[in-house]
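Please walk through this structure element by element, keeping the sequence and the coordinates side by side.

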Protein chains: 2
Amino acid sequence: MMILTRPILEINFENILANYKTLQKIAPKAIAAAVVKDDAYGIGAGKVAEMLYQKAGCRTFFVAHGVEGERIRPCVPEAEIFVLQGIGEDSIESFKKAHLIPVIGSPKMLEFWKQNKISGIKPMINIETGLNRLGFRENELESLSDDDRKEFGWVMSHLACGDEKDHFMNEHQLSNFKRLKTKYFPELPASLSASDGTFLGAEFQFQMVRLGAAMYGINTAPYRENQMQNVVKVLAPVLQIADLPKGDFVGYSATYRATSQRKIAIVSIGYGDGIPRALSNVGKVFFPRGERLFEARIIGRLSMDNIICDISDVPEVETGEMAHIIDDFYTLDDMGRDSGTIGYEIISRIGKNTRYIRREKF
Amino acid sequence: MMILTRPILEINFENILANYKTLQKIAPKAIAAAVVKDDAYGIGAGKVAEMLYQKAGCRTFFVAHGVEGERIRPCVPEAEIFVLQGIGEDSIESFKKAHLIPVIGSPKMLEFWKQNKISGIKPMINIETGLNRLGFRENELESLSDDDRKEFGWVMSHLACGDEKDHFMNEHQLSNFKRLKTKYFPELPASLSASDGTFLGAEFQFQMVRLGAAMYGINTAPYRENQMQNVVKVLAPVLQIADLPKGDFVGYSATYRATSQRKIAIVSIGYGDGIPRALSNVGKVFFPRGERLFEARIIGRLSMDNIICDISDVPEVETGEMAHIIDDFYTLDDMGRDSGTIGYEIISRIGKNTRYIRREKF
């Protein structure tokens, strides 16, 4: 008999490294920049950056915010760190301290930069090609002076639909990007693609690709089998096994009712650990039995600390057994799909929770 | 002209304290225990516990996991700390170090406790009355020996539908609880209700209420206006303003298309800051203008770092202005509803992100 209460989060850093190297091979002529924003999608930006720096020779990193760049600087002393959200009053100190490179996406931010330049830094310019998010619009590019254009060391844009191979937006953005780059920044090196665009082929890779989601195991080319190794596993202990009488309700707001006598397990993990509440009555947890994998459907609402699942058809579940919540056979992408979102949001939630027993494989 | 890049999270600890005191008055005869599990729903368990301990004389706290109890112990040296998920091999050291009190919900955990007792600690027993989550079922209560029953210092259960005033489950669980308590633990003090049940009246309050969500400003009695003060505000800067041409698409997967020329703002916050991606094309952000409050609809998909919103009808938005994401006029509950979940899950996500400029009001 075993009683366990805490969920386990396993991060396979070896697989992050392997994924990074696989991606390097897919874009052999481009700089393989590592995107470690949002604390490396919740995994831990310092550890990811340091590993890639030391074991893969990565010297180019992207974060979203200046403060994130400042945090990883000690882990990657000689690297270039680009900051996607750019520079402002509330981040300039981080840029100075950590020698960060802003990505500048608007004329107003360029004005700010010109009044607050940091010597030795040449920003990257972000140009808008179809996503309609951050970036210089064409009329704004036209208004740049020659001197303005000389401020920059790189030109980038970002794809809207890079995960859909044949989406018309890809060619549309590619041709926009080539045209604008040629017209306004003919001599600058360029970067158009994140992970998803990297898989679209050499034409989309230019001089740098920005690798985030795929490195963390997410399938950013979902029109075919995932070429990446899974990075995240989540396990949680069965805290209690009980009979559920026919006609009984389960969980908050009594959203599940048993139409026959069932056997249930209460598993010690919930949305307080980053597992989406949207999996209520929809998701499943797993119990491997030798070669076979048994699914136990989540019944009733997920609560902050617990999942209730139906184990009626799973052989010999025991208290203390670890249910598999995320694994090689049920990945971040799978959980994203089942909860109406994407793997990116799942991983961004999970790693930030501090109740996990955290195991890291290097 | 102003450029800002980072979102702001404001936590009003004064209001947590005020809410706690309001709840005390609603249950004047019961111990008002403070639930600070899940890092006080993401707000910071140590700070919340310490404030309630020092400023409100709170001496009873609940966490979910032993490790959470261990973390808050230095902040509440003389308090009782109950652990809802109970005790197991993976948490026993925390119980010993921090003198925690397990809530025991199954015969197997009771066995574990009897083999691993900590002197001076009398556990709480959790009995199942209709939620079908953790707790002793009636047949398991029947099997307890007299000695077993003497192990416990408190008896508790938990409501499934306490936020629905007239739900039949409330009376059903209340009568189950009274009957089982009278039969098996006639002399023990009892606790049935969390925040929601506290509002159901004196009959539901017994000797202790367990106050979590309401203390953090969530309306746990949504059949009437919220009596709690709002605790959380989230603001995020407008990073860029742009024209959106008629026919253009917005965001990933091009899920929004402009049917007329629009004006958009790119706001520097996203699901990487805990704002649900489910708000894509559904949610809104706010721009107060004197007495008037203008809504800007979120268009396209939320991304990890940015929200794009339609400001065509908002007067004079400027770069650097802070958009209101969560505020007194659009609370955790409101965002929960708009994203298909509950305020509990929203708050549990937001506070764990470290890119916010954090402001705390004591």
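In helix α6 of chain A (residues 107–115), the buried residues are A:K108, A:M109, A:L110, A:F112 and A:W113, where a residue is buried if 20 or more other C-beta atoms, placed from the backbone, lie within 10 Å of its own, exposed if 12 or fewer, and partly exposed in between. Their cover includes β5 (101–104) and α8 (146–150) of chain A. Helices (H or I, at least four residues) and strands (E, at least two) are DSSP runs numbered from the N terminus.

This is a predicted model, in which local features need pLDDT of at least 70 and side-chain atom pairs count only at pLDDT 80 or more, while totals for chains, interfaces and linings use all residues. Residues are numbered from 1 along each chain as its sequence is written, and chains are lettered from A and ligands numbered from 1 in the order in which they are written.

The secondary structure of chain A comes to 12 helices and 18 strands, and its C-alpha trace spans about 75 × 40 × 40 Å along the principal axes. Of the 362 residues of chain A, 59% count as buried.

An antiparallel arrangement is found in chain B, where four bridges join β10(B) to β17(B) and B:L235 stands opposite B:H324. Strand β17 (residues 322–326) of chain B is mostly covered, with four of its five residues buried.

Which residues touch the most other members of the largest nonpolar core? Among its 250 residues they are A:A34, A:V267, A:C309, B:A34, B:V267 and B:C309, a nonpolar core being a set of buried Ala, Val, Leu, Ile, Met, Phe, Trp, Tyr and Cys residues joined through C-beta atoms within 7 Å. Leaving aside neighbours within four places in sequence, A:V267 is in contact with A:A236, A:V238, A:L239, A:V285, A:N306, A:I307, A:C309 and A:A323; two residues are in contact if their C-beta atoms, placed from the backbone, lie within 7 Å.

Between the chains, the contact takes 70 residues from chain B and 70 residues from chain A. Helix α12(B) is largely enclosed by the rest of the structure, because eight of its eight residues are buried, and the cover of these residues includes α12 (343–350) of chain A together with β1 (8–12), α2, β10 and α11 (332–338) of chain B.

A rotation of 180° with 0.0 Å of shift along its axis superposes chain B on chain A (RMSD 0.0 Å), by least squares on the C-alpha atoms of residues with pLDDT of at least 70 in both. The two copies are thus related as by a two-fold rotation axis. In chain B, the C-alpha nearest the axis is that of B:K352, 3.1 Å from it.

Definitions and conventions:
Two strands pair if DSSP finds at least two bridges between them.
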